[in-house]
Each structure stands twice: as C-alpha cells, then as structure tokens.
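Me: I have a model open and would like to learn how to read its features one at a time. Could you walk me through it?

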There are 2 protein chains.
Amino acid sequence: MSTMSTKASSDNPGRTSQGRLDASKLSFHETSTRRQVPQPGSAELWAQNFCSDHMLTCKWTVDEGWEAPQIVPFANLSISPAASCLNYATQCFEGMKVYRGFDGKVRLFRPDHNAKRLNYSAERVALPSFDEEELVKLVKALVRVDAPRWLPKGAAAGRFLYIRPSLVGTGEQLGILAPREALLYILLVPWPDFSTESPPGKPPRASGLRLYASQGDTVRAWPGGFGYAKVGASYGTTFKAHGEATSKGFDQILWLFGPDGQVTEAGASNFFAIVKNASTGKTELLTAPLTENLILDGVTRRSVLDLVRSRLPEKLEIVEQNFTMQELANACSEARVLEAFVSGTAFFITPVSSIHFRGQDLIMPEIHETEGERYASIIKGWLRDIQYGAEDHEWGVIVDDGLEEVA
Amino acid sequence: MSTMSTKASSDNPGRTSQGRLDASKLSFHETSTRRQVPQPGSAELWAQNFCSDHMLTCKWTVDEGWEAPQIVPFANLSISPAASCLNYATQCFEGMKVYRGFDGKVRLFRPDHNAKRLNYSAERVALPSFDEEELVKLVKALVRVDAPRWLPKGAAAGRFLYIRPSLVGTGEQLGILAPREALLYILLVPWPDFSTESPPGKPPRASGLRLYASQGDTVRAWPGGFGYAKVGASYGTTFKAHGEATSKGFDQILWLFGPDGQVTEAGASNFFAIVKNASTGKTELLTAPLTENLILDGVTRRSVLDLVRSRLPEKLEIVEQNFTMQELANACSEARVLEAFVSGTAFFITPVSSIHFRGQDLIMPEIHETEGERYASIIKGWLRDIQYGAEDHEWGVIVDDGLEEVA
C-alpha cells in the first residue's frame with residue numbers, strides 16, 4: 001500500500017492515494033471515431049453486444065491497490081492468455097440501467113444496491129473490494145459522457161441503456177490463488193426492452209413467458225455455492241440447459257432445488273407467484289427467501305417487495321419462504337394462483353403464462369377474474385414511474401448529463 | 001457449416017473444410033524475440049506465469065466452425081470487454097505435462113484423456129466440440145516447436161513443462177446464450193515440481209501436505225453442477241476458501257460434501273487413503289467414485305487405479321466408493337490408516353501428512369510400520385518411469401521434437 005498523501009503525487013500520476021478506488025482521479029480520453037447508435041427495434045439492438053463510444057476502466061494490483069480510473073474509447077482489452085479471468089473464472093459483474101425520463105432527465109435506479117452486490121460478488125471469487133460510493137460516481141461519469149448521444153433528450157424519452165460493470169482477474173497467473181491484478185470496467189449497451197418488444201421479424205409476444213421447470217440433471221446453485229453472487233460462474237454453466245429449453249420453445253428455465261423441488265429463480269431473474277392461501281384465504285405474494293444464499297438478491301426483487309409492503313399491505317401478504325413446484329402445481333389446479341411473474345434488470349417485470357413441469361404445462365391466469373388488474377402490471381407501473389421521473393422518488397437517482405461536468 | 005471439398009479452397013485459406021478442427025491446416029509464425037527461459041528452482045518458475053516463446057491458437061465461429069490453427073509468438077489476446085468468457089465464464093481448460101526423458105526423448109502422458117475431458121468440459125459450458133485426435137496433434141506440434149529450447153535434451157532430462165490448453169467463449173455477446181465465437185489456445189509453461197521442490201527462500205518440505213477439511217460454508221461441487229468438468233467456474237470460486245486455509249498454514253482444502261461429510265477431492269487433485277478394513281483385515285485403496293459427477297476424473301487418478309489393479313492386485317483392494325471424513329478419522333484413531341496421498345498433474349503423487357478436521361489434526365503415518373515401503377512412492381516411481389522413458393509403456397506418447405516436422 002502506498003503511504004502517499006491524499007493527493008496523487010505529480011511524479012506518479014497513475015496512482016491514487018492509499019490505492020482506494022477514487023472517482024476524483026478520473027481522466028477522460030475522448031474517442032475520435034464515433035460509433036453508429038443502433039435504432040430502437042433493430043437487429044443490432046437485439047444482438048445485445050454493441051457498446052457505446054466509451055468505456056470506463058480502472059486497474060487494481062495487489063501491491064498498489066486501485067489506480068486512477070479512465071474513460072477511454074471503447075476497444076478490445078489486451079489480456080494475457082494466462083490471465084486468471086480466462087482460466088479460473090475470477091470474474092463478476094453487475095446489470096443496471098440508465099433511463100431517459102419523459103422530463104428529459106437521466107436517472108439510475110438504486111445504483112447503491114448494484115455497487116454493494118458487486119462488492120460481495122467480488123469477495124466470493126477472491127477479487128478486490130472497493131468503495132461503493134466511488135463506483136456509483138464512476139457509473140454516473142460514464143453516463144454523463146455517452147448519454148447525450150446514446151440516450152438523447154427527446155428522441156430517447158422513455159428508453160434506457162443497459163450498464164455492465166465487470167470486475168475480472170487479469171495478470172499472468174496459472175497458480176491456484178487469488179488474482180494479484182484485476183480490471184474494473186464499465187460498458188454502456190443499447191438493449192431491447194424484453195418486457196414490451198420482440199426481435200425484428202418475430203411476432204410481438206402474445207402472452208407472458210413460458211418457463212420450463214428444471215430437471216434434477218442440471219442444478220444452478222447449492223448452499224455453500226455462489227448462486228447469490230453475480231459471478232460469471234453462475235451463468236455460463238446454465239447456457240446449455242437454457243439452450244435446450246429454448247430449443248423446445250420455452251423462454252427461461254425455472255430453477256428447482258433439492259429432492260422436493262423448491263422453486264428458486266427463473267433464468268436470470270427472480271420468480272414471484274400470487275396465490276390464495278388455501279387455509280387463510282389471504283392473497284399471498286410468494287417468493288423464495290435469501291436465507292440459504294441460493295438466489296440472487298435482485299434489486300428489482302427487493303423493490304417489488306418494498307413497494308408491496310408499503311403500498312399494498314391490505315391486498316398482498318408477503319411470504320418470503322421456500323415453496324415447492326408441487327405446491328405451486330396444486331395451487332394452480334385448485335385455481336388459487338392469481339398470477340406469476342419474473343423480475344430482474346434485463347426482464348424488468350414480465351408475466352409468466354405457463355410453467356412446464358413433469359410433462360405438463362401449468363397455465364398461469366392471464367387476467368384476474370376476481371381482483372381486477374394484475375398486480376404485476378400495477379407494480380411495474382410504479383417502478384416505471386420512478387425510473388422515468390413520473391414519480392419523484394429517492395430510488396430514481398438523477399445524473400446531470402453533460403460533458404462539461406467530466407472534463 | 002461449409003460445404004466445401006475436404007481441401008481448403010485457395011481463396012479462403014483461413015477456413016478448414018467442414019469447419020472441423022484440423023491439425024493438417026496448421027501454420028507456423030516464428031517469434032523474432034526469444035524469451036528468457038527461467039532456471040530450475042527460480043522465482044520465475046515458481047510464479048507459474050511465464051509462458052514459452054510460442055502459443056497455439058485456433059478460432060471457432062458458429063457459422064464457419066473451426067478455422068485453421070496457428071502457432072504464433074506468445075502474446076496477449078485482444079478480447080472484447082463484452083466477451084462471453086469475461087462475463088459468463090464460458091471457459092474450460094486442461095492441465096498436462098511434457099517430459100524430457102533420461103533417454104533424451106520427449107513424451108506426453110495419456111494425452112487422449114486430456115483431449116476427451118476438454119471436450120466434455122466444453123460441452124458443460126456450451127462451448128464447441130472438436131476432434132480429440134486433432135487436439136493431441138496440435139499439442140504435439142507446439143511441443144515440437146518449443147521443447148528444443150525450453151526443455152532441452154541433456155540439461156532438462158528428468159524435467160517437464162506444463163501444458164495449458166484453454167477454450168474460451170470470445171466475441172461480443174452479453175445475451176444469455178451459448179457463445180457464437182470461441183478461441184482454443186495452448187500454452188507451454190515452465191512449472192515447479194511440487195512433489196519434490198520448494199519455492200526459493202523456503203525450507204524444503206519436511207513432510208507431506210497438510211490438508212484442511214472444508215467446513216459447510218463453502219462447497220466446491222454438487223450433484224447436477226460441474227465439479228466433474230475442468231471449467232474455470234470450479235476454480236476461482238474456491239480461491240477465497242483456499243487462501244484462508246493457506247493463511248492458517250495448510251496446503252490444500254480437502255473438500256467434503258453433504259451433511260455426512262463425504263470426502264471428495266483435495267484442492268486441485270484427487271485424494272486417496274490406504275486403509276485396513278476393520279472387518280476383513282484387507283488393505284484397501286480408498287477413493288471417491290466418479291458416479292455422482294462431483295469429482296474430476298483425473299488422468300493421474302485413473303492411472304493410479306489402473307496400476308494398482310494390474311500390479312498390486314494381491315496387496316491393495318480398490319474401493320472406489322463414498323466414505324465420510326468421520327469414517328476416515330475413526331480409521332485413523334484405530335491406527336488403520338496406512339497412508340494418504342493426492343494425485344494430479346500439478347501435484348503428481350504427493351503424500352498427505354495431516355488432515356485438520358473439527359479442530360484436530362489427524363496425523364497420517366509417515367512410514368509403514370507393517371508393510372515396508374509406502375505404496376504412494378511405489379506408484380509414483382512407476383508413473384515417473386513411464387513419463388521419463390525408463391519403462392516403455394503405451395501411456396508415454398513420444399513426440400519427435402524438431403522444427404522440421406512442423407514447417
């Protein structure tokens with residue numbers, strides 16, 4: 001660790017004092033070749049792989065800590081084939097969005113939660129920790145640079161970009177030990193709205209997601225594992241099973257756990273069911289608990305629970321506890337399931353229309369016969385209002401976008 | 001898939017016919033700046049991060065299949081920050097060695113098993129498959145290029161290099177789906193002999209490995225997971241627990257599984273115990289089975305079992321089944337444990353001197369009071385003889401080293 005004063009010394013401008021992540025040391029290197037912005041609904045957008053003009057990078061070493069962050073033109077990284085991140089999956093990431101409000105303002109949604117989760121994901125795969133407030137400042141700085149062109153005022157009102165912070169173990173190191181070098185980077189990516197749009201050439205989604213309840217042959221997470229952390233290791237290891245499900249016409253896997261088939265989460269999103277309790281007659285919002293570290297502590301999941309707790313206390317009773325797929329199937333056959341939906345940054349709030357379980361499609365109701373409007377769409381509306389500024393709320397964090405603030 | 005004839009067309013020389021991995025299409029681009037070869041016992045060697053002059057690379061795309069492989073100067077890779085391998089751990093690898101025999105010849109050890117395992121590891125993380133014989137040919141080709149200088153005849157007799165084939169999902173792709181591009185690469189790395197050497201400045205290892213039996217807070221693998229596959233996701237996720245164990249003075253974690261504490265494997269190696277059966281009085285070679293896909297199907301593990309089966313059938317009875325740490329502790333307290341050792345490419349055959357379990361160090365015997373020489377050292381001697389050519393055996397696959405065969 002450096003023992004320098006709190007200002008970077010002029011003969012070592014690349015280092016931050018004490019090696020802490022420090023947004024005040026940020027430098028900006030503007031691109032000279034601007035990339036073409038994909039159109040809404042275009043194939044480029046649906047490819048989910050086209051990044052904005054700039055990216056933010058910040059290097060960490062075990063000896064010096066965090067160096068000065070930089071915003072640089074988007075470009076490939078130069079990584080040793082012997083790097084830890086390529087061989088041993090020392091990598092974690094976040095998924096967030098930046099929203100262009102109908103009021104013209106740009107907002108993040110509860111970015112402090114993403115920063116916190118990136119920190120505990122990093123810890124799980126032996127990557128360095130950082131000051132969470134500084135990470136949020138860095139995200140804001142990148143947004144300020146690229147939002148004006150990639151999410152323009154007026155034209156992009158009501159639209160968003162996806163934000164991908166990643167932290168990976170770099171440096172040449174084939175030994176079995178924690179990375180001695182790492183790279184934090186942040187990308188901005190134009191992203192389709194899965195909850196409302198369909199890929200070009202495909203018909204609009206007629207109904208909600210078709211889920212496929214996992215068989216025991218592939219298990220996403222385990223107590224003592226890392227299903228709670230947003231680490232690469234939890235994702236690529238599900239692609240094969242996911243691909244098999246989509247090739248059968250399903251949208252996502254609903255991951256069951258254990259011999260009794262506990263419902264955990266759906267694909268890359270959390271799962272909710274609204275069910276009439278057979279004994280009490282109460283309407284319950286049912287979702288898996290965080291207690292066993294099996295499921296991701298989703299920011300949208302947390303927000304759904306917070307909103308239901310504060311705004312629907314008389315209507316919905318939150319039941320955050322383990323339930324099995326068989327229990328859900330029974331409730332379904334007894335017409336006690338009112339609706340089901342998934343929540344997540346990528347999928348936002350999307351209703352579930354069916355779950356394939358033991359050879360049968362359990363059909364989730366499309367409309368509430370008894371209670372009028374679906375709760376999922378009410379909650380989604382509240383979240384959208386916060387994200388796009390129709391409701392002034394502390395969860396919507398305004399970013400003043402404009403290059404002048406970065407220079 | 002291409003429908004070209006079996007020869008690459010001249011206007012598309014980068015593509016192999018049908019997109020299959022094809023060693024006959026290999027090209028060689030010799031380095032102009034040779035790297036310094038680390039000395040035996042040096043800090044550079046112990047850093048386990050210094051690769052040889054060249055590496056082999058081969059690109060795959062979903063549209064074209066495998067392109068023509070190349071041997072090129074060792075260099076960093078250019079990888080998009082949005083690549084699947086950096087975000088979703090679509091990555092797998094192998095660990096092999098190339099040995100310079102006392103007869104001057106260069107040998108691989110059962111490389112067909114590594115090629116097969118890389119294929120099923122690749123399948124587990126949605127990466128492309130390949131013809132295993134072609135991969136072995138490519139490993140041999142790289143060995144031919146760099147063995148003469150990095151593992152020279154005479155000076156390096158009785159020494160080895162580590163070989164690291166890796167397969168990673170490249171291309172820009174942040175969607176949750178199988179990689180549409182991938183890169184296979186092979187590195188050669190000077191590597192310390194963990195079974196006989198110590199890092200510079202540290203005293204020689206007085207005895208065997210000190211293992212630390214895992215607590216329930218971290219599990220390495222689970223049924224339906226990927227512990228059987230050599231995927232990055234099984235490694236980085238153990239670094240934190242491993243680091244905590246080494247900071248307490250232990251060498252490796254002995255991974256237990258389940259509420260009853262089944263013994264699975266040790267760090268990055270398989271675990272064996274030689275135990276007198278309390279009922280039958282027979283001497284058993286005890287190791288966890290492959291049946292539940294929890295442990296790695298180690299090439300050294302398999303070879304240990306094969307050699308014991310063929311050469312020690314009267315002495316040791318192979319018991320490839322689940323056993324618990326408590327059962328091993330009981331056998332230890334009843335003086336029925338004759339020895340314990342780990343096997344793997346990195347650790348080769350290394351005796352275990354103690355296992356820390358529930359606050360106590362179970363001491364493994366250092367010498368056989370009753371049976372004379374330790375079986376681990378007998379088996380290790382046989383393997384070494386095969387690897388270095390003292391015994392002519394089909395497991396030792398000779399590579400004619402010399403540049404003329406590659407050009």
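Predicted model: local features only at pLDDT ≥ 70, side-chain atom pairs only at ≥ 80, totals over all residues.

Me: Which side chain does Asp22(B) meet in a salt bridge?

Reply: The general idea is that side chains of opposite charge can pair when their charged atoms come close. Here the partner of Asp22(B) is Lys25(B), at 2.9 Å from N to O. Now look at chain A: Asp22(A) and Lys25(A) form a salt bridge too, with 2.8 Å between the closest N and O atoms. Asp22(A) counts as buried because its relative accessibility is 15%.

Me: How many salt bridges does a search of the whole structure find?

Reply: Over all chains, the search finds 40. Another example is Arg302(B) with Asp297(B), whose closest N and O atoms are 2.6 Å apart. The two ends get separate labels: Arg302(B), at 27% relative accessibility, counts as partly exposed, whereas Asp297(B), at 16%, counts as buried. Salt bridges can also share partners, as in the network that joins Arg110(A), Asp306(A) and Arg309(A).

Me: On to the rings. How many aromatic pairs does the structure hold?

Reply: There are 32 aromatic pairs over all chains. Take Phe93(B) and Tyr235(B): their centres are 5.0 Å apart with 65° between the planes, an edge-to-face pair. This pair connects distant parts of the chain, 142 residues apart. Phe93(B) belongs to strand 6 (residues 91-93) of chain B, and Tyr235(B) to the loop between strand 11 (209-213) and helix 5 (239-247) of chain B. Both of these residues are buried.

Me: What rotation superposes chain B on chain A?

Reply: In general, two copies of a chain are related by a rotation about an axis and a shift along it. In this model the rotation is 180°, the shift along the axis is 0.0 Å and the RMSD is 0.0 Å. That is the relation of a two-fold axis. Both copies use the same surface, as 98% of the contact residues of chain B recur in chain A.

Me: What does the UniProt annotation covering Lys230(A) say?

Reply: The unreviewed UniProt entry gives "modified residue: N6-(pyridoxal phosphate)lysine" for Lys230(A). In the model, Lys230(A) is found in the loop between strand 11 (209-213) and helix 5 (239-247) of chain A. Lys230(A) counts as buried, at 9% relative accessibility. Leaving out residues up to four places away in sequence, Lys230(A) touches several residues, including Cys92(A), Phe93(A), Arg117(A) and Tyr235(A).

Me: Let us finish with helices. Where does Val304(B) lie?

Reply: Val304(B) is part of helix 6 (residues 299-311) of chain B. Val304(B) has 0% relative accessibility, so Val304(B) counts as buried. Apart from neighbours within four places in sequence, the contacts of Val304(B) include Phe272(B), Leu285(B), Phe341(B) and Ile379(B).

Me: And which helix holds Leu135(A)?

Reply: That one is helix 4 (residues 132-150) of chain A. Leu135(A) counts as buried, at 3% relative accessibility. Not counting residues up to four places away in sequence, Leu135(A) touches Leu21(A), Ala115(A), Leu118(A), Phe130(A), Leu184(A) and Ile186(A). For Leu135(A) and Leu290(A), 155 residues apart along the chain, the C-alpha atoms are separated by 25 Å.

Definitions and conventions
Residues numbered from 1 in each chain as written. Chains lettered and ligands numbered in written order. Heavy atoms only, no water. Phe/Tyr/Trp six-rings, centres within 6.5 Å; stacked < 30°, edge-to-face > 60°. Helix = DSSP H or I, 4+ residues; strand = E, 2+ residues; numbered from the N terminus. Buried < 20%, exposed > 50% of the residue type's maximum accessible area, 1.4 Å probe, protein only. UniProt positions renumbered as here; feature names shortened; annotations may be inferred. Contact = heavy atoms within 4.5 Å. Least-squares fit on C-alpha atoms with pLDDT ≥ 70 in both. Salt bridge = Lys/Arg side-chain N within 4 Å of Asp/Glu carboxyl O.
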